[in-house]
Protein chains: 2
Amino acid sequence: MRLLTSILLAILLHFTFETFAQTIHLKDYNIAEVKDATPVVVKAIEDAKAKGIRKIKFPKGTYHFYKTFAPDFYCAITNNDNGLKRTPFPIMGFHELEIDGNGAEFIFHGKMIPFIIENSENITIRNLSIDWEKPFYIEGEVIANNPDTKTFDVKINTDYKVANGHLYVVLERDDTPYEKDFGFRFAIPEGDQMEVGQNIFWDKKLKKPLYNTKLYQLNTRNIEAKELQEGIVRLKAKSKELPPVGAVLNSKGAYLFNRTSPAFRVFKTKNIIFNNVNVYHAGAMGLIAERSENIKLDAFNVKLREGSQRMVTTTADATHFCNNKGVITIKNCLFENMLDDATNIHGTYVRVNKVIDEYSVAVETYHPHQKGYLFGEAGDSVRIVDHNKLQPKTTSLALKEVKYVNEKISILTFHQSIKGKVELYNGIENISWNASAIIENNIIRNNRARSILLSTNQPVVIRNNYLSSQMSSIRITGDLRLWNESGPTNSVLIENNTFEDCLYGGNPNQSIILIDPQYKSKEMMDEKYKYCKDICIKNNVIKSFENSILTAQSVEGIEFTNNKIVQTNTYQAIFPKSPNVDLRNCSNVKISSNSFMKSNGEKGTLKVDGKTETFDLPPKSAFEFFSIMK
Amino acid sequence: MRLLTSILLAILLHFTFETFAQTIHLKDYNIAEVKDATPVVVKAIEDAKAKGIRKIKFPKGTYHFYKTFAPDFYCAITNNDNGLKRTPFPIMGFHELEIDGNGAEFIFHGKMIPFIIENSENITIRNLSIDWEKPFYIEGEVIANNPDTKTFDVKINTDYKVANGHLYVVLERDDTPYEKDFGFRFAIPEGDQMEVGQNIFWDKKLKKPLYNTKLYQLNTRNIEAKELQEGIVRLKAKSKELPPVGAVLNSKGAYLFNRTSPAFRVFKTKNIIFNNVNVYHAGAMGLIAERSENIKLDAFNVKLREGSQRMVTTTADATHFCNNKGVITIKNCLFENMLDDATNIHGTYVRVNKVIDEYSVAVETYHPHQKGYLFGEAGDSVRIVDHNKLQPKTTSLALKEVKYVNEKISILTFHQSIKGKVELYNGIENISWNASAIIENNIIRNNRARSILLSTNQPVVIRNNYLSSQMSSIRITGDLRLWNESGPTNSVLIENNTFEDCLYGGNPNQSIILIDPQYKSKEMMDEKYKYCKDICIKNNVIKSFENSILTAQSVEGIEFTNNKIVQTNTYQAIFPKSPNVDLRNCSNVKISSNSFMKSNGEKGTLKVDGKTETFDLPPKSAFEFFSIMK
């Protein structure tokens with residue numbers, strides 16, 4: 001009997017201990033009583049690590065995170081700005097951890113990255129929202145314009161400063177209390193103010209970019225500013241047309257300096273789930289995941305806060321995935337009002353800077369946003385690609401060693417000889433790190449740029465989404481020019497989506513679905529080689545005021561079937577001469593059973609180039625040939 | 001006999017092996033045949049480390065170092081700009097290493113740090129010179145000026161660019177060969193061009209700053225530029241007077257962005273010798289040594305290259321020592337034409353940002369150039385200092401722990417309670433890390449700013465030097481305001497030096513020897529507390545056109561004896577009303593046996609404030625009292 005009691009007691013104690021040990025409740029850390037939640041959360045994360053605790057839970061409430069006491073880490077973050085980054089959530093080296101916000105709101109102050117998640121596995125982030133007290137942009141309504149002086153006046157809603165004839169975004173800075181004693185303020189090196197740069201005009205009522213907003217885009221070379229009175233600034237800059245009264249100007253900092261603070265940085269992490277997370281704002285991307293495996297977003301929303309006056313959510317992409325593997329799941333999400341794409345899934349080519357010997361090459365990343373990029377590690381498979389023709393020169397090659405030299409250069413060493421197979425400027429593609437993706441039941445709307453960009457060699461399904469972006473909705477590409485995005489797609493299924501009135505920004509060379517690998521020149525597009533394979537677009541509803549529905553270049557196996565195309569009158573077409581479907585260098589084409597009746601009763605137009613395998617349209621096709629060019 | 005032979009053979013082999021193993025000869029690495037010496041030298045240093053080799057020797061010659069393949073390291077370098085730094089000499093974690101240049105010339109290309117020496121001991125650098133192909137400034141002669149338009153024209157000798165009405169310094173950049181293919185150039189994020197900022201005008205013939213050059217200094221807020229023809233640029237900026245025709249303008253980049261590339265970075269290193277080293281140029285300091293012990297400079301010269309047209313050597317201090325201990329020896333050096341001091345030996349106060357509990361405080365560095373500063377480590381002794389009165393509030397306190405939080409904040413934990421002894425904004429001084437210094441047989445001339453700055457609690461001897469700087473020659477100070485330089489001097493001997501025509505730049509509040517700890521206000525200077533102790537100035541020759549020879553504030557024990565003061569007519573005095581000697585809040589004053597006869601036959605003037613312990617001048621003194629103010 002005593003033995004049984006002891007056993008039961010032991011079980012009970014074990015159970016209690018286990019239950020206790022598995023969760024840190026932040027109410028026990030008195031989080032509700034502090035002004036700055038940063039040190040409290042950092043301590044909780046340290047404790048979780050030290051004690052092997054797997055869950056941190058917030059009491060419901062609003063918490064403010066300041067950067068003053070946030071630990072910093074040097075981060076090279078692809079497609080964002082590198083540097084020392086401060087975070088209250090340094091989730092590094094965890095085997096399992098769940099952060100449950102319990103519906104909490106997190107408000108950030110100044111340049112920080114809310115979550116840095118690195119070298120971890122089995123991470124869950126749920127039930128929380130992220131916002132900033134002061135946004136990483138200026139925003140305000142145009143209240144007057146003057147064609148004679150070529151100026152316009154903006155009533156600015158956000159923190160700003162006019163100095164030396166220029167307009168600056170003002171961010172929150174470190175808590176340096178003795179400033180007021182000494183009156184000495186170092187604004188610029190702290191990076192807490194930045195001159196306005198990239199900009200776009202918004203429709204105040206519809207809360208989306210203005211129709212043909214490209215017309216009003218300010219040349220960032222010289223934006224002159226004069227403060228007329230507190231809150232009202234007169235601006236002068238080159239643009240095709242003066243912005244109309246009533247439009248809302250949004251301008252972040254200068255190109256390559258305005259992506260400092262994504263909401264979530266994920267690096268070298270396996271199995272990560274985001275569930276019921278709202279990102280109202282970030283000074284860069286909502287989520288950037290790199291060199292990670294299996295990432296699931298379920299109700300990860302990048303959206304305007306209800307009742308907020310702001311036009312813009314994240315100042316870059318809502319989500320971005322580079323160099324990942326496994327499966328990326330994006331479902332039940334709302335992505336709206338970003339200054340860039342909803343998602344972009346790709347790898348990054350590096351470029352050969354020097355052939356060192358028979359077994360090794362020095363490679364370089366080209367774009368400044370790829371400084372410090374981890375291209376690959378020993379054991380990865382890569383292949384060498386002709387940079388002009390985008391054509392593989394080798395099959396799979398295993399990496400023996402990758403030696404980081406500096407943020408631009410690494411040295412790759414191969415097991416086998418690459419003699420004669422590689423030359424200066426060639427691209428190298430990591431074929432091991434490509435993710436499969438399921439993108440379903442999402443709403444993507446009212447953002448600058450595209451909805452979805454893809455360059456991955458693993459299967460992708462895009463299903464049951466509502467898509468309404470200002471440029472192309474889905475873009476499948478690859479290039480060895482500016483961005484060097486790698487990973488030709490091998491299998492993409494686009495079905496049961498509704499596309500509505502995309503392409504209204506006025507950017508040239510767009511298409512609702514745009515497949516356009518970037519060759520050095522048209523001549524480099526080889527008839528015998530197709531960059532992409534097996535793209536199936538079926539059962540979608542495509543409502544469009546603009547002409548260009550599908551442009552497909554260099555695809556082996558393109559199916560466009562059973563789509564319902566509806567011409568709308570929402571806006572006037574900006575590029576009325578574009579064909580509805582434009583095929584270049586495609587083979588194995590199937591276009592059938594679509595419905596498309598234009599308001600004038602005509603059929604849709606289909607343009608086919610001389611490199612495309614000719615085919616017969618079924619007699620009842622909604623399209624007719626427009627031309628065949630050699 | 002066989003035994004003896006074996007022993008002899010063994011000895012011989014051992015000897016040969018030792019001799020071989022102790023030196024890497026870079027001629028064996030074919031260094032003379034490569035365009036870029038960087039990878040060769042990096043390999044040699046790796047080999048030395050792997051094999052325990054203690055010496056690397058260059059064949060005499062000229063070697064070019066490019067940054068393309070230089071390894072990079074994130075460095076927080078006090079009083080310089082932090083960041084990822086590339087170097088061909090990553091001397092890290094060595095127990096003994098000598099680099100013998102054998103008279104070689106090293107030419108650097110672009111933003112690099114020639115030598116990064118960290119966490120090492122017993123390091124010798126000898127027989128080499130350092131220069132850059134393209135300097136970190138623009139330089140050119142004023143060939144015209146126009147009082148009506150308030151513009152002047154400069155014939156620029158260095159690489160520059162005029163864009164959007166502004167003038168930029170252009171540096172060498174990474175070797176990115178495919179630029180020309182794509183025509184896409186990212187200049188700004190690479191940091192390879194910078195708008196002109198801090199500036200000074202030089203005397204072309206004398207190769208020193210212009211007399212009263214302060215008059216011509218351009219306000220950096222807005223320097224407008226227009227290229228008249230290739231090499232000739234018209235500038236417009238605010239200055240008190242237009243620069244005269246024939247003057248040479250030198251301008252580096254903007255404040256806080258123009259100290260990227262010192263020649264030598266030394267950190268956490270013990271016993272380091274520089275011998276016969278010439279630094280002709282650097283894009284920051286010549287040498288910055290931090291948290292190191294025993295540093296000897298013998299013929300470490302920062303000087304103009306013979307035959308060069310350049311006016312300026314290093315764009316910041318020739319040498320700078322912060323937070324060191326042991327002995328700093330500077331002898332037989334020539335320091336000329338720098339844009340800042342010849343040397344500065346000091347510690348840095350941190351400031352209390354938050355009192356956490358009875359045993360710990362969060363401290364912060366104030367100046368942006370002190371981000372990431374390593375203030376101290378467990379075991380160091382520190383004391384707390386009143387920030388207004390510069391007065392210690394505690395005796396020595398031992399640090400139990402120092403926790404780095406971010407580049408601004410660390411948390412200090414003490415063994416004993418500090419309850420009631422510390423408050424917000426107080427300074428904390430590291431009293432363990434102060435170096436003694438011997439500065440003798442040097443020539444310091446023709447630089448902007450001062451010759452020698454001191455704030456160290458260990459004895460310093462300044463002997464047998466020739467000193468001719470444009471501001472104060474020797475400045476002994478301490479502050480809890482802008483720079484937060486710590487370490488009141490306790491013993492300084494200044495003897496047998498020749499000072500010649502200092503103070504010609506036109507800066508106010510200078511003195512040839514200036515002792516001026518910085519209080520928040522005059523009222524905070526406590527009569528009962530003297531910041532500095534035991535400063536003896538004797539047997540010097542002081543030739544001066546300007547009045548102010550010695551200003552001493554808050555010194556207990558100031559001796560000024562047996563100095564020969566000679567009034568010169570080199571220039572007109574800019575501040576003719578200054579007393580020759582000015583004493584404030586001093587005690588234990590001894591002024592005797594000096595000779596000083598002005599050209600008008602009068603004695604020198606001595607001003608003494610009411611806080612200074614009164615004393616009688618000996619009857620034959622070269623000085624007479626000027627005034628006593630309460």
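**Rings, charges and a helix**

Modeller: Let's start with the aromatics: A:F58, A:Y63, A:F65, A:F89, A:F106, A:F108, A:F115, A:W132, A:F136, A:F264, A:F274 and A:F300 make up one aromatic cluster. Keep in mind that this is a predicted model.

Biologist: OK, and how many aromatic pairs are there over all chains?

Modeller: Searching the whole structure gives 47 of them over all chains. Take A:F152 and A:F201: their ring centres are 5.9 Å apart and the planes meet at 70°, so that pair is edge-to-face.

Biologist: Which strands do A:F152 and A:F201 lie in?

Modeller: A:F152 is in strand β10 (residues 151-156) of chain A, and A:F201 is in strand β14 (residues 199-203) of chain A, so the pair ties together parts 49 residues apart in sequence.

Biologist: Is A:F152 buried or exposed? And what about A:F201, buried or exposed?

Modeller: A:F152 counts as buried, at 1% relative accessibility. A:F201 is buried too, with a relative accessible area of 0%.

Modeller: Over in chain B, B:W132 and B:F136 also form an edge-to-face aromatic pair, with 5.4 Å from centre to centre and 75° between the planes. Both B:W132 and B:F136 are buried.

Biologist: Switching to charges: which ring does the charged end of A:K35 sit over?

Modeller: That's the ring of A:Y66, with the charged end 4.6 Å from the ring centre. In chain B, B:K325 lies over the face of B:W433, 4.5 Å from the centre of the ring.

Biologist: Now helices. How many residues does α2 of chain B have?

Modeller: Helix α2 (residues 38-51) of chain B has 14 residues. From first C-alpha to last it reaches 20 Å, close to the 20 Å expected at 1.5 Å a residue.

Biologist: Which of the residues in α2(B) are buried?

Modeller: B:T38, B:V40, B:V41, B:V42, B:A44, B:I45, B:D47 and B:A48.

Biologist: And what covers the buried residues of α2(B)?

Modeller: The cover includes strands of chain B: β1 (23-25), β2 (55-57), β3 (62-66), β6 (89-92) and β7 (97-109). Following α2(B) comes B:G52, which has a positive phi near 70°.

Biologist: Last one: where does UniProt put the "GLAA-B beta-barrel" domain in chain A?

Modeller: The UniProt record, an unreviewed entry, lists residues 139-249 and 361-418 of chain A for that domain. Over residues 361-418 of chain A, the chain is 45% strand and 0% helix, and the end C-alpha atoms are 9 Å apart.

Note on methods. Residues are numbered from 1 along each chain as its sequence is written. Chains are lettered from A and ligands numbered from 1 in the order in which they are written. This is a predicted model: local features need pLDDT of at least 70, side-chain atom pairs count only at pLDDT 80 or more; totals for chains, interfaces and linings use all residues. Side-chain values use heavy atoms; hydrogens and water are left out. UniProt positions are given in the numbering used here, feature names are shortened, and annotations may be inferred rather than shown by experiment. Helices (H or I, at least four residues) and strands (E, at least two) are DSSP runs, numbered from the N terminus. Rings of Phe, Tyr and Trp (its six-membered ring) pair if their centres lie within 6.5 Å; planes under 30 degrees apart count as stacked, over 60 as edge-to-face and the rest as tilted. Buried means under 20% relative accessible area, exposed over 50%, partly exposed in between (1.4 Å probe, protein chains only). A charge sits over a ring if NZ of Lys or CZ of Arg is within 6 Å of the ring centre and within 35 degrees of the ring normal. The expected span of a helix is 1.5 Å times one less than its number of residues. Contact means heavy atoms within 4.5 Å.
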